[in-house]
Amino acid sequence: MLRVLLVTDTDKPIGDLRQALARLGYDMLAEVATPAALPKVVEEQRPDVVIIDTESPSRDTLEQLAVMNETAPRPVLMFSNDSDQQLIHAAVSAGVSAYLVEGLEASRLAPILEVALARFAREVQLRQRLAEAENELADRKLIDRAKRLLMDRHKMSEPEAYATLRKRAMDQGVKLAEVARQLVSMTDLLG
Amino acid sequence: MNTPKAASHSAADKPEKTHIRLGFVALSDAAPLAAAKILEFGHSHGLTLELCRQASWAAVRDKLLSGEIDAAHALYGLVYGVQLGIGGPQGDMAVLMVLNRNGQAITLSNPLAEAFNQSGNLKQALASLGRPPVFAQTFPTGTHAMWLYYWLAAQGVHPLRDIRSIVIPPPQMVDALAEGQLDGLCVGEPWNAVAEARQAGRTVAVTSEIWPNHPEKVLASRRDFVALYPNTARALVQTMLEACRWLDSPAHRADISTWLAAPELIGVPRELIAPRLLGDYDVVQFPKRPLPVSFFDEGAVNYPRPSDGLWFLTQYRRWGLLSGDHDDAAIASAISQTTMYREAAALADVRVPDEIRADTLIDGRIWDGRDPAACLDGFAVRA
């Protein structure tokens, strides 16, 4: 059975995977929680598969091992119509990254990734993204309005209006959008 | 003047894609992205930028390849590593422009730094440890691996045989150094400054000593991003050129340090970011005056010169990361988006420097990209 190493150095609940995968019969190696401990474990315990949070800073440690050591697992990331590849893509978007030793079929990862995926709340991520995009749009409109106010009322050119907003942002140590918000709300107040 | 020109594009030049997700890693040289976003330099070119902090270079690569981010602040060498598929997935990549030069450093543990400063001989200082020294860098094909290897080799230390080279994420490098797990490291700022402030080690070399004004971070994307959205790519380069120009003023660098200190950008106190971002080093420590990190320098920084890329390919061959019959010059010229860059530079009124640049590196060798094969043959220390 495949030897699986879990890297648990972030807040994501990858640790829960251990029992689930052990129940499926995988040979679970002792977990690693720091990048400094990774090289020794990969060299001595020879995992076939490493599962790690996509957002883990320790991923670059694994990348170095993949380059320097032929027997170390390599990152799996391919995109095609193949259903396994779709699963890998889904895993990456959900925040699960997999490393696999060369020579093993990517399809052997499928059951592991399915179990991992089930443990990640993708919904949360998507909702957050949507909220951020809406904020961006609102900021943009606000800055345009502030710029037009300066151009109309103070007879500034567009670059001058920008420069004025930027200078104020820097002087006050706030974002440009915040300066725009202040200007627009003052104007609304004073009419 | 630092004010952007008024938008004057025709409908045909309009960006095809207006919302751009930009990846970056928590480093001082992410300053152009921070400035571009905080001051919204993109708006006058029809772009809205969204900054997406990444915890690792591997994540930058994966998200560029999957399309989750459109472009990124990336190690020069990462782009070439992905193009060649070294140790991971392969994809056709593009360098849109260079974002900065200089600004990285090598730190040694306190005892090693002392031994090195006393004898002035690195090989001797390393031998005093009585075991193989451990050095950390940031990514296998990245810039820091290459600066570290070049620096060691120039002093007769073989980077693949005489030391153990590992990758540790920059914030943890300082911890690992403090705990005695590392003897040295090569990384971008502010992490060398953080190591000194925590008295975990001392900066013994800055990367401008290894290669004066070396290329460092680039604005990278997949090549099909440039093909599918040519106007967006050009507008993005114009935007970033304006941000880089803005950063040339010391007052602005002082301003941006305050921003970079924020938890959502670097999350390190401003006092540890500002001095080295402003080029303020304790010069007594260094044999040659460190060149400060440069973001613009009248456009000398930003041209994506194919010979810069060729340098990395030549070093990969030197260290056995690349072998076989590739046309290195063709790879570098396909990655470097020189035509698009020239258009953007003209629109932003930025001078494009000469195609050929010759620099003398730390080992006395001259690199001008004209004969990489001869350059490679000349290295005594190699894989």
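1. A residue counts as buried if 20 or more other C-beta atoms lie within 10 Å of its own, exposed if 12 or fewer, and partly exposed in between, with C-beta atoms placed from the backbone. By that rule, strand S3 (residues 71-75) of chain B is mostly covered: five of its five residues are buried. Strands (E, at least two residues) and helices (H or I, at least four) are DSSP runs, numbered from the N terminus.

2. This is a predicted model: local features need pLDDT of at least 70, side-chain atom pairs count only at pLDDT 80 or more, and totals for chains, interfaces and linings use all residues. Residues are numbered from 1 along each chain as its sequence is written, and chains are lettered from A and ligands numbered from 1 in the order in which they are written.

3. In a regular strand the side chains alternate between the two faces of the sheet. Ala71(B), His73(B) and Leu75(B) point one way from S3(B). Ala72(B) and Ala74(B) point the other way.

4. Two strands pair if DSSP finds at least two bridges between them. S3(B) pairs with strand S1 (residues 19-24) of chain B in the parallel sense, over two bridges. Here Ala72(B) is the bridge partner of Gly23(B). S3(B) also pairs with strand S10 (residues 217-222) of chain B, in the antiparallel sense, over five bridges. There the partner of Ala72(B) is Ala220(B).

5. Chain B is divided into domain 1 (11-102 + 214-304 + 317-359) and domain 2 (104-210); the bounds come from an automatic or database domain assignment. Their centres, taken over C-alpha atoms, are separated by 25 Å.
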